[in-house]
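Visitor: I'm new to this one. Can you show it to me and walk me through a few spots?
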Amino acid sequence: MEAIEFKTIIHNGTLVIPLQYSSQWEGKAIRVIVLDDSELLSEPVEKPKKTIFKAISLNTQGFDFNREEANVR
């Protein structure tokens, strides 16, 4: 299955497929998924918040690591 994305406008219930694709799909069964761009444009786009990591310091003096105990399930 091949996925191709393009934008078009529906006129009188007819969806126009660009010429570059219509000839290769002539007579074939295709699947159409419609996404309404008008809703996407009306909502403000939020920028992802930048995560700031702060350094931490742990006192591991006297810590005894036991690999067998750590891997017990």
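Guide: Let's start with N12, which sits in the loop between β1 (10-11) and β2 (14-15). Strands here are DSSP runs of E with at least two residues, helices are runs of H or I with at least four, and both are numbered from the N terminus. This is a predicted model: local features need pLDDT of at least 70, side-chain atom pairs count only at pLDDT 80 or more, and totals for chains, interfaces and linings use all residues. Residues are numbered from 1 along each chain as its sequence is written, and side-chain values use heavy atoms, with hydrogens and water left out.

Visitor: Is N12 buried or exposed?
Guide: N12 counts as exposed because its relative accessibility is 83%. Buried means under 20% relative accessible area, exposed over 50%, and partly exposed in between, with a 1.4 Å probe and protein chains only.

Visitor: What about the phi of N12?
Guide: The phi of N12 is near 55 degrees, a positive value in a residue other than glycine. Most residues other than glycine have a negative phi.

Visitor: New topic. Which residues make the nonpolar surface patch?
Guide: I10, L15, I30, V32 and V34 make that patch, and its area is about 440 Å². Patch residues have over 30% relative accessible area and no salt bridge; like charges are joined within 9 Å, and nonpolar side chains (Val, Leu, Ile, Met, Phe, Trp, Tyr) within 5 Å. A salt bridge is a side-chain nitrogen of Lys or Arg within 4 Å of a carboxyl oxygen of Asp or Glu.

Visitor: Where is V34 found?
Guide: V34 is in the loop between α1 (19-25) and α2 (37-42). V34 counts as exposed because its relative accessibility is 59%.

Visitor: And S22, where is its place?
Guide: S22 is in helix α1. At 22% relative accessibility, S22 counts as partly exposed. S22 and V34 are 12 residues apart along the chain, and 17 Å separates their C-alpha atoms.

Visitor: Now the start of the chain. Where is M1?
Guide: M1 lies in the segment before β1. M1 is exposed, with a relative accessible area of 93%. From M1 to K28 is 27 residues in sequence and 12 Å in space, C-alpha to C-alpha.

Notes
Accessible areas come from the Shrake-Rupley method with a 1.4 Å probe; for residues, only the protein chains shown count as cover.
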